[in-house]
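Please look through the structure below before reading on.

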2 protein chains.
Amino acid sequence: MASDETRGPIALIGLDWGTSRLRAYLFDAAGTVIAAKAHPWGVLAMPDSDFGAAYAAITGPWEKVAPGVAVIAAGMIGSTEGWVRAPYVPCPAGPRELGAALVETKVGNGRLFVIPGVDQHAPQSDVMRGEETQIAGALALRPELAAGATLILPGTHAKWAAVHDGRIVSFTTYMTGELFALLRDHSILGRPARKAAAQGETNRVVAWEAFDRGVATARDSGTRGIAPVLFGTRSLVLHEELRARDSLDYLSGLLIGDELRSALSGIPQQPALIGEEALCDRYARALQSFGASVTIVPDSSAAGLWSVACAAGLAAPAATHV
Amino acid sequence: MASDETRGPIALIGLDWGTSRLRAYLFDAAGTVIAAKAHPWGVLAMPDSDFGAAYAAITGPWEKVAPGVAVIAAGMIGSTEGWVRAPYVPCPAGPRELGAALVETKVGNGRLFVIPGVDQHAPQSDVMRGEETQIAGALALRPELAAGATLILPGTHAKWAAVHDGRIVSFTTYMTGELFALLRDHSILGRPARKAAAQGETNRVVAWEAFDRGVATARDSGTRGIAPVLFGTRSLVLHEELRARDSLDYLSGLLIGDELRSALSGIPQQPALIGEEALCDRYARALQSFGASVTIVPDSSAAGLWSVACAAGLAAPAATHV
């Protein structure tokens, strides 16, 4: 999407400001990203919690070129632990609802608009913040998904969102990524791999056979789920039926497989994956093992920021393709 | 069981030597515990990994009174990370199989016998080490369970063991305790309670209402399991539908409830709980919410050490009740 060709003047600055990193985009009037930067200044990784300084360092040079340009931001920056609190909007929510609930604040000589997260109280209590914008972007990039689809966003807190008529109607968080990291770094299950790594024995590529085995074990665990087989990650190594260096890929397969087993108990409409390529590859492969085929949507953060800005009247969609 | 009345001479020293602590018992010829000590010298908490020094400090004074007395030990001390490796015996295993597979070693002028753990390869790969001895003790204390029962040992790695004719025929490990500790100490789910605790807001007693709510949520999660509702521990707090200080008891209920949901998918014979009182209380209450009643067996480590020693001929069961 990034291009050197500028169609029209600078129209918008967009910030995808999450827990662990901050990505910034400069858009021309056609919605094309004409410059992009990334920083490790996530909301929970901010030097001296000085959001203002980070903001000025990133937007300053761009605002100098385009004085008064609007800045739109999504992600944890709008949470209670962030900078400008943007309360959740309820489901169903799409670009129009998000755009109508932007929280505006004056920063220096400019205006910052923060996109709210989305929450739901039923069927279960859940919240998202940042993913609503990625989803808006995915629907802009792949309009054929807007009528009805299941969008899957793997990650620390994976989200499964049911979309209907361009809006998120319900969603579920799976803590798969955080559970994997906790078990890898702190539990007895990660010990064999940690020991192997200390002896220089690590895999440079994914041990797909071990991953597939974990997925299949979770898939076949039926109504009992993976609770009774999770400890097997250790006992298989003790029994020399799984190599220590492959055990984390087995564990990854188990956890992703349990997520799919649980989420696929209904029949999802048009599943589509959004997110980091390596992680999407794991999910696509695991979905295949469940007999489901899936579309992979490219990185959609910038498209989502643009889409919500247009819905809010901060940018003009009609300017596209002039 | 502890008593000052010594029936016959000193007959055995027993060690329950686990990951985080070491408990030692002195038995008379009737199998009565006439002295007991506890130390924080667990296998993974050993000063300078000097097992020999810890062993001498504990057994030395007793061996002086009863030279040549046999010492029997159970637990992680027999693992690859312990002191004297005692390979696993397969299921089915009871006192006779364990007694026949003791690993004998000379220490100073005395003899140490290490009880092996038990492993299984089907229906799933699993191992136990230490619990086999607690189970042998529970069956000695409650002989009516020996014909057929499900013994539940809550803890870091909870075990559910199916017993038939006095032997363990199959078992399953649930990582409930370790998962709870990881999520409490390191995950986003524990953050509200950690923050509340830092502000001096902690519960001195269990928030049973929150615990029960967690159990019921897990129980009613059906085939999907708790994967889709785990993150609710956070969103309920954000939605002010759960107090931060109660959130860990809710999480405890969710995790124990998921263990029960999974394990009770079959119909267990005579469920009986063995272990620490506070934890057994939680399990008994949760089991009630699943419509299952349960027996609680008192601490059975010493009885198990004596039972295996008798089966191995190191002590004489006939001496009981003389």
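Two residues are in contact if their C-beta atoms, placed from the backbone, lie within 7 Å. Helices (H or I, at least four residues) and strands (E, at least two) are DSSP runs, numbered from the N terminus. This is a predicted model, in which local features need pLDDT of at least 70 and side-chain atom pairs count only at pLDDT 80 or more, while totals for chains, interfaces and linings use all residues. Residues are numbered from 1 along each chain as its sequence is written, and chains are lettered from A and ligands numbered from 1 in the order in which they are written.

Start in chain A, with two helices. In H3(A), the residues A:Thr133, A:Gln134, A:Ile135, A:Ala136, A:Gly137, A:Ala140 and A:Leu141 meet A:Ser301, A:Ala302, A:Ala303, A:Gly304, A:Leu305, A:Ser307 and A:Val308 of H10(A). By class, this contact of H3(A) with H10(A) has eight nonpolar, six polar and no charged residues. Here Ala, Val, Leu, Ile, Met, Phe, Trp, Tyr, Cys and Pro count as nonpolar, Asp, Glu, Lys and Arg as charged, and the others, Gly among them, as polar. Helix H3 (residues 131-141) and helix H10 (residues 301-311) of chain A pack at an angle of about 90 degrees, and their axes are 7 Å apart. Axes are lines fitted to C-alpha atoms, for helices over the stretch in contact, and angles run from 0 to 180 degrees between N-to-C directions. H3(A) and H10(A) are therefore roughly perpendicular to each other, a term for angles of 65 to 115 degrees.

How many of the eleven residues of H10(A) are buried? Ten of the eleven are, so H10(A) is largely enclosed by the rest of the structure. A residue is buried if 20 or more other C-beta atoms lie within 10 Å of its own, exposed if 12 or fewer, and partly exposed in between, with C-beta atoms placed from the backbone. The buried residues of H10(A) include A:Trp306 and A:Cys310. They pack against strands S1 (10-17), S2 (22-28), S3 (33-39) and S4 (71-74), and against helix H2 (95-100) and H3 of chain A. Just after H10(A), A:Gly313 takes a positive phi of about 80 degrees.

Now turn to chain B and its sheets. Six strands of chain B form an open sheet in the order S3-S2-S1-S4-S7-S6, with mixed pairing. Strands pair if DSSP finds at least two bridges between them. Strand S3 (33-39) and strand S6 (103-107) of chain B stand at the edges with a single partner strand each, so one side of each is left without a neighbour in the sheet. On average, neighbouring strands of this sheet are turned by 20 degrees against each other, direction ignored. S6(B) and strand S7 (residues 110-114) of chain B pair in the antiparallel sense over five bridges, and B:Val103 stands opposite B:Val114 in S7(B). Helix H10 (residues 301-311) of chain B packs on the sheet and touches S1, S2, S3 and S4 of chain B.

Elsewhere in chain B, strand S13 (residues 271-274) pairs in the parallel sense with strand S10 (residues 148-153) over three bridges. S13(B) also pairs in the parallel sense with strand S14 (residues 295-297) of chain B, over three bridges. B:Pro271 and B:Leu273 point one way from S13(B), B:Ala272 and B:Ile274 the other way, and all are buried.

The contact takes 33 residues from chain B and 33 residues from chain A. On the side of chain B that touches chain A, the largest share, four residues, comes from H7(B).

A few backbone details remain. Most residues other than glycine have a negative phi, and most peptide bonds are trans. A cis peptide bond joins B:Cys91 and B:Pro92, with omega about -5 degrees. Another cis peptide bond joins B:Ala122 and B:Pro123, with omega about 0 degrees. B:Asp165 has a positive phi of about 50 degrees although it is not a glycine, and B:Asp165 is exposed, with 10 other C-beta atoms within 10 Å.

Technical notes
Angles under 35 degrees count as roughly parallel, over 145 as roughly antiparallel, 65 to 115 as roughly perpendicular and the rest as oblique.
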